[in-house]
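This report goes through a single model, feature by feature. Please keep the sequence and the coordinates at hand while reading.

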Amino acid sequence: MSILSIASNASVWRGYKYYEGKRILSWKQIGEHGFEGEVAGSEKEPYHVMIDTEHPKKSTCSCPHAEGKKIVCKHKIALFFAAFPKEANRYIAEIEEYEREEEVREQERYDQIVKYVKSLSKEELRIALINVLVEAEERDSHRY
Ligand SMILES: [Zn+2]
């Protein structure tokens, strides 16, 4: 099981950003499946990170979020991407593909809305607009 598949989407994304921002100060391979490195985090001292690609749950990081826990933090992901740049490229290609598809879906939704509005009579338009404004008002008043 890949370390990516046991991490939250948010951790993988932030880890990618760390990798892209070159926050892995140094790293080296230790053994067949192990990597360790220093990753610049939010504190002054860099975090010491160790990942085990064979047993991802055995990976460790000295950041407060992951220390002593099995959580896959962004530093572990950043180190993983530094050690496996092809995985980073594949990850970002998937994200970009998803975003392209999402743009197409948004355009389709927009086209549908335009088509729907154009199909309405003046009276139907008035009623639809009143409904939307009332709903917006109710959403706003329930926000707090
Ligand atoms: Zn960490």
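## Salt bridges

A salt bridge here is a side-chain nitrogen of Lys or Arg within 4 Å of a carboxyl oxygen of Asp or Glu. The model is predicted. Across the whole structure, the search finds seven salt bridges.

Arg 90 and Glu 87 form one of them, with N and O 2.8 Å apart. Both residues lie in helix H3, three residues apart, about one turn of the helix. Arg 90 is partly exposed, at 49% relative accessibility. Glu 87 is also partly exposed, with a relative accessible area of 23%.

Arg 105 and Glu 102 meet in a salt bridge too, at 2.7 Å from N to O. They are three residues apart in helix H3, so about one helical turn separates them. Arg 105 has a relative accessible area of 31%, so it counts as partly exposed.

Helix H4 (residues 122-141) holds a further case. Glu 123 forms a salt bridge with Arg 126, and their closest N and O atoms are 3.8 Å apart. Again the spacing is three residues, so about one helical turn lies between the two. Glu 123 is partly exposed, at 46% relative accessibility.

## Zinc site

Which residues hold the zinc ion as protein donors? They are Cys 61, Cys 63 and Cys 73, each through SG, and His 75 through ND1. These donors lie 2.1 to 2.3 Å from the ion. Their spacing in sequence reads C-x1-C-x9-C-x1-H. Cys 61 and His 75 link distant parts of the chain, 14 residues apart. Cys 61 sits in strand S4 (residues 60-61), and His 75 sits in helix H2 (residues 74-83). Both Cys 61 and His 75 are buried.

The site is tetrahedral, with angles of 103 to 117° among the four donor atoms. The ideal angle for four tetrahedral donors is 109.5 degrees.

## Strand pairing

Strand S1 (residues 24-30) pairs with strand S2 (residues 34-39). The sense is antiparallel, over six bridges. Ile 24 has Val 39 in S2 as its bridge partner. S1 and S2 form a hairpin with three residues between them. Gly 31 is in the turn and has a positive phi of about 75°.

S2 also pairs with strand S3 (residues 47-52). These two run antiparallel and are joined by six bridges. Gly 34 finds its bridge partner in Asp 52 of S3. S3 in turn runs antiparallel to S4, with two bridges joining them. Met 50 is partnered by Thr 60 in S4.

## Aromatic pairs

The count comes to 10 aromatic pairs. In one, the rings of Phe 35 and Phe 84 have centres 5.3 Å apart and planes at 75°, so the pair is edge-to-face. Phe 35 lies in strand S2, and Phe 84 lies in the loop between H2 and helix H3 (85-119), so the pair ties together parts 49 residues apart in sequence.

Phe 84 is partly exposed, because its relative accessible area is 29%. Phe 84 also forms an aromatic pair with Phe 80. That pair is tilted, at 5.1 Å centre to centre with 40° between the planes. Phe 80 is buried, with a relative accessible area of 7%.

Ring pairs extend into a cluster. Its members are Trp 13, Tyr 16, Tyr 19, Trp 27, Phe 35, Phe 80, Phe 81, Phe 84 and Tyr 91.

## A charge over a ring

The charged end of Arg 23 sits over the ring of Tyr 18, 4.1 Å from the ring centre.

Key: Residues numbered from 1 in each chain as written. Predicted model: local features only at pLDDT ≥ 70, side-chain atom pairs only at ≥ 80, totals over all residues. Heavy atoms only, no water. Pairing = 2+ DSSP bridges. Helix = DSSP H or I, 4+ residues; strand = E, 2+ residues; numbered from the N terminus. Donors = N, O, S within 2.8 Å, 3.2 Å for Na, K, Ca; no water. Tetrahedral: all angles 85-135°; square planar, octahedral: opposite > 155°, others 65-115°. Buried < 20%, exposed > 50% of the residue type's maximum accessible area, 1.4 Å probe, protein only. Phe/Tyr/Trp six-rings, centres within 6.5 Å; stacked < 30°, edge-to-face > 60°. Lys NZ or Arg CZ within 6 Å of the ring centre and 35° of its normal.
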